[in-house]
Amino acid sequence: MGTMEDCCVTECTRCPALVDSRSRIVNGVGPEDADLLFVGEGPGANEDEHGEPFVGRSGSVLDDALRTAGLDRHDIRITNCVRCRPPENRDPKTDELANCRSHLERELATVDPEVIVTLGKVPSEHLLERSVAVTKEAGDLEEVRIDGAPRRLLISVHPAATLYDRSQAETFENALQRAAELAGVADSEGGQSRLDGF
């Protein structure tokens, strides 16, 4: 197993455009032994400012859906395919994704999650290495090899999708519920498992 340092990138200049547009490198947050690891696309303006993935409106949507699924943000790990904000919040380019891939693979190896949840099209396609119809495939579990290791990956819509299309909210919550059940961190009653210890 790696250490937390393996998850943390302190200096990187592989992508000149991103070096220019970032104010900081945004590393993943959450326990290094989390059962669930969420992978987004890349930092936006809020994330770049705060130095943490999924803050702002998308973060609030994610937090709410996690609670509905009986999960807490402190129990999961959240990271991104690229750790630096792309200019104008554009999608990361293929070479940028490739440049940052080793950072992501190191983090996955260190955390060794039960289930990886990809939030939206970019991370889903990046890790599955195929085109993904996210809305149709949300909640699907795939077996995939990442850096030689077998991983279970659950496809999910991006939390921001629910802000533009309310019908996506249920799709998103169902995907998170399934992820929680697969990782064994919540039961189908939605968070009741916490009470068993009392």
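This is a predicted model: local features need pLDDT of at least 70, side-chain atom pairs count only at pLDDT 80 or more; totals for chains, interfaces and linings use all residues.

Colleague: Which elements do the buried residues of α9 pack against?

Modeller: Buried here means under 20% relative accessible area. In α9 the buried residues include Q168, F172, L176 and A180. An α-helix has 3.6 residues a turn, so residues three or four places apart point the same way. The buried residues of α9 pack against β1 (36–40), α4 (57–68), β3 (115–119), α7 (134–137), β5 (149–156) and α8 (161–164).

Colleague: And what is the phi of the residue just after α9?

Modeller: The residue just after α9 is G184. Its phi is positive, at about 70°.

Colleague: You mentioned β5; which residue in β5 is the bridge partner of V117?

Modeller: Strand β5 runs parallel to β3, and four bridges join them. In one of the bridges, V117 has its partner in β5, namely L154.

Colleague: Do β4 and β5 pair in the parallel or the antiparallel sense?

Modeller: Strand β4 (residues 141–146) pairs with β5 over six bridges, and I146 stands opposite A149 in β5. The two strands form a hairpin with two residues between them, where D147 takes a positive phi near 55°. The sense of the pairing is antiparallel.

Colleague: Now the pockets: which element gives the largest share of the lining of the largest pocket?

Modeller: The largest pocket has a volume of about 450 Å³. Its lining has 20 residues, with G44, E47, S58, N89 and H158 nearest the centre. Two or more lining residues come from each of α3 (45–50), α4 and α8. The largest share, three residues, comes from α3.

Colleague: Last one: how do the residues lining the largest cavity divide into nonpolar, polar and charged?

Modeller: The largest cavity has a volume of about 110 Å³. Of the 13 residues that line this cavity, C12, C15, R22, C84 and C100 are the closest to its centre. Helices α2 (16–21) and α5 (94–111) each give two or more residues to the lining. The lining of the largest cavity divides into nine nonpolar, one polar and three charged residues.

Conventions: Residues are numbered from 1 along each chain as its sequence is written. Side-chain values use heavy atoms; hydrogens and water are left out. Buried means under 20% relative accessible area, exposed over 50%, partly exposed in between (1.4 Å probe, protein chains only). Contact means heavy atoms within 4.5 Å. Two strands pair if DSSP finds at least two bridges between them. On a 1 Å grid over the protein atoms alone, a cavity is a set of points where a 1.4 Å probe fits but cannot get out, and a pocket is an open set with protein on both sides within 12 Å along at least five of seven lines; lining residues have an atom within 4 Å of a point. Grid points are joined across faces, edges and corners, and a volume is the space filled by probe spheres set on the points. Ala, Val, Leu, Ile, Met, Phe, Trp, Tyr, Cys and Pro count as nonpolar, Asp, Glu, Lys and Arg as charged, and the others, Gly among them, as polar.
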